[in-house]
Amino acid sequence: MNRRYRKTIIAGNWKMNKTASETKAFADELKTMLPKAKWCDILVCVPFVNIAAAQKAFKDTRVAIGAENVSQFEKGAYTGEVSAAMLKDLGVKYVIIGHSERRQYWNDDDLIVNKKALAAVEAGLYPIICVGESLEQRELGVTKELIDLQVKTALAGIPAEKMRHVVIAYEPLWAIGTGKTATAEQANEVNEEIRTVIRKLYGARVARSVTILYGGSMNEKNAEELLAQPDIDGGLIGGASLVPEKFNAIINAANQE
Ligand code: PGA
């Protein structure tokens with residue numbers, strides 16, 4: 001973390017978990033333990049159908065509610081899709097884009113991720129753009145090139161003044177839901193690389209201010225060490241964000257002065 005230059009964000013990614021009533025139960029429990037989080041922003045990204053329930057349950061707290069996906073299209077005949085304008089109108093601020101599960105199961109490739117990021121930014125949403133390599137790619141030694149390409153493609157056409165709304169999340173595929181976390185050094189190395197790419201595209205001032213998260217089996221045990229790294233500005237947390245005590249412990253790790 002480097003709070004002097006950029007925001008720290010602890011974001012939950014609930015994926016396809018919890019019903020509306022389970023969402024309320026989670027909120028009621030988390031609210032009893034939440035610290036006075038001054039030093040980090042707290043966000044929970046939930047399935048579309050639970051956004052309203054989550055907003056209601058977390059009303060008057062510092063927990064913001066985000067979405068997990070958005071359509072690349074503005075509006076029209078796209079059955080089942082949800083547009084950026086719809087999310088914005090609901091009062092949603094952040095939206096996850098290009099999560100590896102979207103990339104894997106719904107073919108959200110780099111070009112679609114770019115279109116979604118543009119649609120989000122255009123509508124005034126804050127995209128959390130996910131990038132990451134597979135184990136095979138890491139072992140082939142192409143992580144850096146791959147991340148460069150993912151970041152450059154995702155950001156194509158996003159003007160510098162909108163970059164203060166953009167968050168990047170580095171999520172190595174081999175660490176997601178596997179219990180296998182990247183070491184703090186491995187994660188920081190890639191986050192630093194992402195910042196370097198942004199510096200080349202937008203200059204030092206923008207690069208310094210972009211929040212870059214780490215995601216992939218972040219939990220209450222490893223959060224402190226990961227967050228101590230200079231280029232890890234928070235976490236995108238799946239499994240551990242579903243359990244109030246665990247999520248709260250991660251918030252606490254990010255909330256230390
Ligand atoms: P995980 O998921 O924390 O369960 O590994 C992270 C993510 O996929 O965003």
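Which of the 13 residues around the ligand come nearest? In this predicted model, the answer is a set of five: Lys15, His99, Glu171, Gly177 and Ser217. Sorted by class, the shell around the ligand is made up of 7 polar, 4 nonpolar and 2 charged residues.

Lys15 places a polar side-chain atom 2.8 Å from an oxygen atom of the ligand. The backbone also takes part: a backbone N or O atom of Gly238 lies 2.9 Å from a ligand oxygen atom, and for Gly239 the distance from a backbone N or O atom to an oxygen atom of the ligand is likewise 2.9 Å. The ligand taken alone exposes 280 Å², of which the protein buries 94%. As for its location, the ligand takes up the space of the second largest pocket.

Turning to charged pairs within the protein, the count of salt bridges comes to 15. One of them joins Asp231 and Arg6, whose closest N and O atoms are 3.7 Å apart.

Definitions and conventions:
Residues are numbered from 1 along each chain as its sequence is written. This is a predicted model: local features need pLDDT of at least 70, side-chain atom pairs count only at pLDDT 80 or more; totals for chains, interfaces and linings use all residues. Side-chain values use heavy atoms; hydrogens and water are left out. A residue is near a molecule or strand if one of its heavy atoms lies within 4 Å of it. A polar contact is a pair of N or O atoms within 3.5 Å; within protein, one must be able to donate a hydrogen and the other to accept it, and residues adjacent in sequence count only if both atoms are side-chain atoms. Accessible areas come from the Shrake-Rupley method with a 1.4 Å probe; for residues, only the protein chains shown count as cover. On a 1 Å grid over the protein atoms alone, a cavity is a set of points where a 1.4 Å probe fits but cannot get out, and a pocket is an open set with protein on both sides within 12 Å along at least five of seven lines; lining residues have an atom within 4 Å of a point. A molecule sits in a cavity or pocket if more than half of its atoms lie within 2 Å of its grid points. Ala, Val, Leu, Ile, Met, Phe, Trp, Tyr, Cys and Pro count as nonpolar, Asp, Glu, Lys and Arg as charged, and the others, Gly among them, as polar. A salt bridge is a side-chain nitrogen of Lys or Arg within 4 Å of a carboxyl oxygen of Asp or Glu.
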